[in-house]
Amino acid sequence: MLEDSEFDKKSLRLVQGNTTDWAELAKDCVCFANGKGGTIYIGVEDDSDMPPADQRIKKSIVEKINQVIPQRTINVGISATIQTAPNGGEFIEVKIYRSTQTIASTSDGKYYMRIADECKPLMPDEMIRVAAEKQAFVWEEKVARKVHISQADGAKLGNFLSDVRNSERVSGFVKEMSQDEMLEYYFFTSGDYLTNLGVLWIGQRKDRALMHYSPAVQFIKYDENGVKVNKRVWDDYTLNPKELLNEIITGIPDWGESIEIADGIFRRTIPNYNQVVIRELIANALVHRVYTMRGDIFINLYHDRLEIHSPGLLPLGVTPSNIISKSIHRNTHLAKVFYDLMLMEKEGSGYDKVYEVLLLHGKPEPIVEEWDDRVVVTVMKNIISTEVAKLMSRANDDYGLNQKEIITLGLIAQHGTMTAIELSKKLNVRNSDGLAYWLGKLLKHEIIHSKGKTKGTEYHVNPELLRQIDFKGKTDLKKIEPHRLQELILMDLETYPGSSIGDINERIGPEINRNKVKRKLAELVDSKILYTEGVLKGTRYFIDHNQRNNE
């Protein structure tokens, strides 16, 4: 029972006695209403999965919740009931319904939204995005044109039913449903008519073409001079999303290009653009695009990179820096169809799979950018080095790494050395426990070595493992020992007294982490070997020759 974007736990003290805080509960209800809705268990502590076995709930408290929350909120619908846990203890279940048409707020005009397991205030510039997200929710379930179920494309309908019943990800309960029950389960129908989602997947071409806004895709290839040399367009609305995805994957010969690298006495083939990565990124573009705005999906292939442009911004709460760990759906029902039919990795971003495949092949991580009206994902063609690719292959074969370990090892191998702070930022983790989860068995099996403590910890690949694969990576000063760093700093200040930290860092080795240099300078100042003049950015360092001569 982990707290997330749709579930929260609260102490019973929140709604009874001197600690009652109706404003706090109202705020939480607004948060869920502006997201996908959610559930709050009141009477279950944060560190527990169930209430105390002897806990009993007064009906008057539940009645008070159902009365007060509507008074303290606007556009928020709730239902509070008493539930009994398996251990016999009672708790209050508060269901908050998604606000589909307008943005919910507290009665005093404050706006909030649930992002992951936190309730955050909405800034003015985020209000437009929240409104857009709500339109996206409505888009899937809305019956925009009166397209009767009998007017569905028979072949597409048959294929969809067959795909569901043959999928390993669909439960037996769903597979046993009748046709009408299954279409309603996936929100393809509302009554006797197809929803927008239903038209998109099983509708006739003419109905899909008249719907706002069915996806169109353009593939454009450029040569080394940026001149357009090939173009393919899928904009006649003949294909549903599954067919469109498969056509893009199988219909472009460029995806079959690859390079070979030597790996001992064998040769290893690495695709320029792995089809797993392409499928995941295009599936994401189809699933997470904003269907309430016009715009084509562009697949731009350059001589050194692949760019995928998708209309609309990232879902609220997802940023380019946290996309590897955040999983927020925009088109929830469309995402479920893609997942159930095994067209994408999971009902989330799927970017962890993209990272895994790219880093396993020794390629840079994807670059995700938000432009004014679109999201652009860039995947580079070339590997960083054949040695990194061989290292990743060897480590994965020998130790059977899981996805998170592959990503973590790949990042460290490509950077040479990474501090705990740098690695946490890359992986979007907030504490040491989260980082330990990503490191997994890398430290235990000595694939990765570490030195230092807490935030100053540095990680690098085991040198013995590098020697085994004849690693010829560039030699640098990232892993310089503290005593050698000290001598470098003192030698530099002998020649350039009165230097700033930035100047010192640049001269002795810009690849050395600035924080490492800063810590060593602080140690030398504390031990009176150095002294400073100025403050903050104006700080300058000098050698105290009297102190040094006394040593």
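I began with the aromatic residues and found Phe 160, Tyr 185, Tyr 186, Phe 188, Trp 201 and Phe 338 linked by ring pairs into a cluster. I counted rings of Phe, Tyr and Trp (its six-membered ring) as a pair if their centres lie within 6.5 Å; planes under 30 degrees apart are stacked, over 60 edge-to-face, and the rest tilted.

A note on the source: this is a predicted model, where local features need pLDDT of at least 70 and side-chain atom pairs count only at pLDDT 80 or more, while totals for chains, interfaces and linings use all residues. Residues are numbered from 1 along each chain as its sequence is written, and side-chain values use heavy atoms, with hydrogens and water left out.

**Ring pairs**

I searched the whole structure and got 13 aromatic pairs. I looked up one of them, Phe 7 with Tyr 41: the ring centres are 4.9 Å apart and the planes stand at 90°, so I logged the pair as edge-to-face. Phe 7 is in strand 1 (residues 7–10) and Tyr 41 in strand 2 (residues 38–42), so the pair links parts of the chain 34 residues apart. I took helices (H or I, at least four residues) and strands (E, at least two) as DSSP runs, numbered from the N terminus. Both Phe 7 and Tyr 41 are buried. Buried means under 20% relative accessible area, exposed over 50%, and partly exposed in between (1.4 Å probe, protein chains only).

**Charges over rings**

Next I checked for charges over rings (NZ of Lys or CZ of Arg within 6 Å of the ring centre and within 35 degrees of the ring normal). Arg 305 lies over the face of Tyr 302, at 3.9 Å from the ring centre. Lys 404 lies over the face of Trp 438, at 4.8 Å.

**Sheet 19-21-20**

I then traced an open sheet of three strands, in the order 19-21-20, with antiparallel pairing. Strand 19 (417–419) and strand 20 (448–451) are the edges, each pairing on one side only. Pairing requires that DSSP finds at least two bridges between two strands.

I found three bridges between strand 19 and strand 21. Four join strand 20 to strand 21 (residues 458–461). Which residues stand opposite Glu 458 of strand 21? I noted Thr 419 and Lys 451. Ser 450 stands opposite Tyr 459.

I looked at both faces of strand 21. Glu 458 and His 460 are buried on one side, Tyr 459 and Val 461 on the other. In a regular strand the side chains alternate between the two faces of the sheet. The hairpin of strand 20 and strand 21 has six residues between the strands, and in it Gly 452 takes a positive phi near 95°.

In helix 11 (residues 332–340) I listed His 333, Leu 334, Ala 335, Val 337, Phe 338 and Asp 340 as buried.

I moved on to Tyr 351 in helix 12 (residues 351–360).
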